[in-house]
Amino acid sequence: MSQPPQPGEPEGQAPDPGPQPGQPYPQQPYPQQPYQQQGWYGAPQQQPPSSNKTALWVGLGVLGLVVVVAVVAILGFVAPGFFLSDTKGESAVASSSSAPASSTQDTATQSPVNIPSARTELPKRTTPLADPTECAYPADPTKEAAKKVNPPAAGPTPASGTSAVTVKTTAGDIGLTLDRGLAPCTVANFLSLAQQGYYDGTSCHRLGVSGLQMLQCGDPEGSGMGGPGYTIPDEIFPQLKYGRGLIAMAKTQNPDSGGSQFFMVFGEAELPPEYTVFGSISDEGLQTLDKVARGGVDAEKGSGDGTGPPRIEVKFQSIAVG
């Protein structure tokens, strides 16, 4: 349903004017055209010469070739070293073409992706929320659930404390700390989806490595259009900032349109304070995200805004709470 931002804003359905540079593209399926490569059949055959003059030239050419072969053979007999290549030159070529010692070297580390090392401080509310806070999860009238799931219970929800979560993926573990003081309704929703197995087997569908450095996940459809069939409230405030180590909800351009999609920021993310931040990413999790980022984006399956599926697949295997 939602998508993370790019130099403009995170996930969501693509606005009418289309994705803007630097912002997460709107919820819009990736192009489904398969990569095609035209076949190569070689050059057309030429017609054989038909004139006597051409035949004469061919004959002279063959005679010349015989003479050259004879001269080379004589040189080889008289000077036995004539056909031997220079030993020094041969060694240099062998050295430059040698295979690396290990064939399992991680090619992702060779990518020029520039990832900042400093974490972004978790934002804080100047005025704490009421504890508990009232939460509601109305049905989404625009789209059916991508995967059958029940919404969290509406009503009073704790607005203090944290919850530890470990997301096991095919690319490595990603530890999260969810903060109820920042976004109690969002945290309750994420935990509910995780405990119902909603995220299990889903793959992160959108990676950005320049401008907006994040990995977007949470869509069972894998298109950026899927959601749980209900929406959650925005839990935003003016002091919100985004950067390395933070996790936030994706949404459309409409308010209170988030659902299940979220994005994990491992680098830069200049965004307006319109996306709910609800926790932080562990050091181990950032290492996993850095590895995925250096693996690069599969641009052929992307949306044309510089983002697309990661070349290193990130599929959720399970989520452990606590």
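Buried is used here for residues with under 20% relative accessible area, exposed for those with over 50%, and partly exposed for those in between, computed with a 1.4 Å probe on protein chains only; C204, with a relative accessible area of 4%, is therefore buried. The model is a predicted one, in which local features need pLDDT of at least 70 and side-chain atom pairs count only at pLDDT 80 or more, whereas totals for chains, interfaces and linings use all residues. Residues are numbered from 1 along each chain as its sequence is written, and side-chain values use heavy atoms, with hydrogens and water left out. Helices (H or I, at least four residues) and strands (E, at least two) are DSSP runs, numbered from the N terminus.

**Disulfides**

- With a disulfide taken as a pair of cysteine sulfur atoms within 2.5 Å, a search of the whole structure finds two.
- One of these disulfides is formed by C135 and C185, whose sulfur atoms are 1.9 Å apart, and with -90° about the S-S bond this link is left-handed.
- C135 lies in strand β1 and C185 in helix α3, 50 residues apart, and the pair links distant parts of the chain; both C135 and C185 are buried.
- The disulfide that joins C204 to C217 has an S to S distance of 2.0 Å, and its torsion about the S-S bond is about 95°, so this disulfide is right-handed.
- Because C204 lies in the loop between α3 and β5 (206-208) and C217 in strand β6, the pair ties together parts that are 13 residues apart in sequence.
- C217 has a relative accessible area of 1% and is therefore buried.
- When bonded cysteines are counted along the chain, the disulfides follow the pattern 1-2, 3-4.

**Aromatic pairs**

- Rings of Phe, Tyr and Trp (its six-membered ring) are paired if their centres lie within 6.5 Å, with planes under 30 degrees apart counted as stacked, over 60 as edge-to-face and the rest as tilted; by this rule the count comes to 10 aromatic pairs.
- Y137 and Y230 form an edge-to-face pair, with 6.2 Å from centre to centre and 80° between the planes.
- This pair links distant parts of the chain, since Y137 is in the loop between β1 and β2 (155-157) and Y230 in the loop between β6 (212-217) and β7, 93 residues apart; Y137 and Y230 are both buried.
- F262 and F316 form a tilted pair, with 6.3 Å from centre to centre and 40° between the planes.
- F262 lies in strand β8 and F316 in strand β10 (residues 316-321), so that this pair ties together parts that are 54 residues apart in sequence; F262 is buried, as is F316.
- F262 and F316 also belong to one aromatic cluster that is formed by F190, Y198, Y199, F262, F278 and F316.

**Strand β8 and its partners**

- Strand β8 is mostly covered, with seven of its eight residues buried.
- Two strands are said to pair if DSSP finds at least two bridges between them, and β6 and β8 pair in the antiparallel sense over five bridges.
- Across from F263 in β8 stands Q216.
- Strands β7 and β8 run antiparallel and are joined by three bridges, and I247 has M264 in β8 as its bridge partner.
- In a regular strand the side chains alternate between the two faces of the sheet.

**Backbone features in loops**

- The peptide bond between D131 and P132 is cis, with omega of about 10°, and P132 is found in the loop between α2 (87-96) and β1 (133-135).
- D256 has a positive phi of about 50° although it is not a glycine, and D256 is found in the loop between β7 (246-249) and β8 (262-269).
- D256 counts as partly exposed because its relative accessibility is 39%.

- With contact meaning heavy atoms within 4.5 Å, S192 touches N150, P151 and P152, not counting residues up to four places away in sequence.
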